[in-house]
There are 2 protein chains.
Amino acid sequence: MDWDRIRIFYTVAESGSFTKAGDTLGLSQSAVSRQISALEREVRAPLFHRHTRGLILTEQGELLWRAARDMTQRLEKTKAQLTETREHPSGELKVTTTVGLGSRWLAPRLGEFLDSYPDVRVEMLLTDEELDLSMRQADIAIRLRQPQQPDLIQRKLFTVHFHVYAAPSYIKRYGEPKSLEDLDNHRILSFGGTSPSYLLSVHWLGTAGRDPRNPRTPHLLVNNIAALRNAVEHGAGLAVLPDYLVEQGSTLVQTLRESEMPSLDSYLVYPEEMKTVARVQAFRDFLIQKAQRWTF
Amino acid sequence: MDWDRIRIFYTVAESGSFTKAGDTLGLSQSAVSRQISALEREVRAPLFHRHTRGLILTEQGELLWRAARDMTQRLEKTKAQLTETREHPSGELKVTTTVGLGSRWLAPRLGEFLDSYPDVRVEMLLTDEELDLSMRQADIAIRLRQPQQPDLIQRKLFTVHFHVYAAPSYIKRYGEPKSLEDLDNHRILSFGGTSPSYLLSVHWLGTAGRDPRNPRTPHLLVNNIAALRNAVEHGAGLAVLPDYLVEQGSTLVQTLRESEMPSLDSYLVYPEEMKTVARVQAFRDFLIQKAQRWTF
DNA sequence: CGTCATTCATGCGTTTTTCGCATGGTGCGG
DNA sequence: CCGCACCATGCGAAAAACGCATGAATGACG
């Protein structure tokens, strides 16, 4: 059964004549007539009483007309939803990123996003594991390494710089390291544990100025970057911290400033199939804007 | 927007691949692929994620899929109703006929019809006026004269014979009329009044054996045939009555048997546009059957 | 980890359908 | 009583759709 004939039938029923319906549909009267005839053959029932002054629905026509009306309404509603989905961001958005970036960088900015897009509900999944976007564990991610899968759209956001930090109390007690080799005489704190290896660049203190095959063993390993920062802040030792963890006016002191530090690029990542979803586009544009205006 | 593409889309969504959908629809895979592509262009949104092992609905596809599902259900329901209407009589049926035929012939038979078709509700409109079937004052009529409009389907049912009746008490008192001319010496009762002229054939007593330009004046005119019959029965005079008014074993006496009496053919009449309605067909067949088995 | 099978996209020639025009017929209104 | 507005239909043209074949991609399986 050709559904398009039902659409034509509905227009005819509404306009009350083949001629008017033809004008509405951009068809000739004969074409409309034939479509209706074909439909009547399909349902094996006359749908209109042909009068000289137009058409009157038969009993069966009335039945089909109600159906066509309901179908039209249902479709119109959906078409509106489709453009809504395309033009007005709404729905749930699962965002994943690292614990550090999420809590220190993303979370403070999310309020503004929610203000701009009140129909979007955001779920933050902060974990240092990389969730599988292809499996829809999350819709969009901020990653600290470039993704490899080709079906993932990636967009660089900003570069995270790292520096060695210490607390004034620590320096007062142990002094600043004078060189990379001098690190052997200091208490080294490090991010680590079960976290993924790509974050090991913050293990720089373990190998800097030393044979990489024989790295220093940190005096403290912790798998939470905020905890690491707090340990440094209270004078537990030296640690490589990302700059976003150190707010303006912090008491933390950068040391070994002359050394070249590792850095990581952050990427906004989402599956190619999400690129048409308005809330994803809005979130992407929002983050890009925030990343541009934000400098370390 | 081509609705038929939605039908195809729904089949694809259900089967999960263009190939399977093509088999289901009797189309090639390429044809299905192009239909979906065209639909995606129409809604300006991708509807499926193409995977090697099949298809997955996008967010927009999900929206459209729900609409297509609802539309399919709605249409299926209506198609069922259409065949129901075609094959199973139901709904309201407005029947009109004369007061006499309706009360004496039709009414006693309607119970059986209602038993056979419990979903049909019958409304009897008994009037000696001819209701306009084209204006839908009634769906179907039993008429005592052949209709003229060509858009009315007519089917002859039976012939109504008329005879002159009198009560035994009347004959005892006044004797039987010996000839048509002898009618001048009798009390003549007649159907009449505002009723339509075609029933004036029962005015036969007024002109029989006499110059038609100078008819006898009846001693009683009544516009209700049952009342006329009752008047005859109680000896008020002679009257032409249709045979269906005189049951077996009645005390009424036929007189002037040798004279040629007028008769009327009864017709079942309904608009051409009702011929496909199952309850009309059922009613028609029922009445034809009853008319055949019923002989005067 | 390589091979294989399955699936989708697309170009091309053909077939099928559909369309518009013109004509004829019909019924209601002025 | 005429005329207008409407619908049905034949016919040729146009357009859309179709099927086939091919190519590319990707997940499954040994």
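Modeller: What follows goes from the pairing of the chains to one residue at their contact, and then to the chain as a whole.

The model is a predicted one, and every value below is computed from it. Chain B is superposed on chain A, with an RMSD of 0.2 Å, by a rotation of 180° with 0.2 Å of shift along the axis; that is the relation of a two-fold axis. Among the residues of chain B, the one whose C-alpha comes closest to this rotation axis is Asp4(B), at 2.4 Å.

As for the contact itself, 33 residues of chain B are in contact with 33 residues of chain A. Since 100% of the interface residues of chain B are also interface residues in chain A, the copies meet through the same surface. The size of an interface is often given as the accessible area lost when the parts come together. Between chain B and chain A the buried area is about 3,500 Å², and carbon and sulfur atoms give 63% of it. Of the area that chain B buries against chain A, 20% is supplied by Trp3(B), Leu75(B) and Leu82(B), which is more than any other three residues supply.

With a relative accessibility of 10%, Thr85(A) counts as buried, because buried means under 20% relative accessible area. Leaving aside residues up to four places away in sequence, Thr85(A) touches Glu59(B) and Leu63(B) as well as Val277(A) and Ala278(A).

Chain A has 9 helices and 11 strands. Its radius of gyration is 32 Å, well over the 19 Å that the globule rule gives for 296 residues, so chain A is more spread out than a compact globule. The C-alpha trace of chain A spans about 105 × 35 × 25 Å along its principal axes.

Of the 296 residues of chain A, 49% count as buried, and the accessible surface of the chain comes to about 14,600 Å², with 46% of it belonging to carbon and sulfur atoms. Among the contacts in chain A between residues at least 6 apart in sequence, 73% join residues at least 24 apart.

How values were computed: Residues are numbered from 1 along each chain as its sequence is written. Chains are lettered from A and ligands numbered from 1 in the order in which they are written. This is a predicted model: local features need pLDDT of at least 70, side-chain atom pairs count only at pLDDT 80 or more; totals for chains, interfaces and linings use all residues. Side-chain values use heavy atoms; hydrogens and water are left out. Copies are superposed by least squares on the C-alpha atoms of residues with pLDDT of at least 70 in both. Contact means heavy atoms within 4.5 Å. Helices (H or I, at least four residues) and strands (E, at least two) are DSSP runs, numbered from the N terminus. The radius of gyration is taken over C-alpha atoms; the globule rule is 2.2 Å times the number of residues to the power 0.38. Buried means under 20% relative accessible area, exposed over 50%, partly exposed in between (1.4 Å probe, protein chains only). Accessible areas come from the Shrake-Rupley method with a 1.4 Å probe; for residues, only the protein chains shown count as cover. Buried area is the accessible area (1.4 Å probe) that two parts lose on being put together, summed over both.
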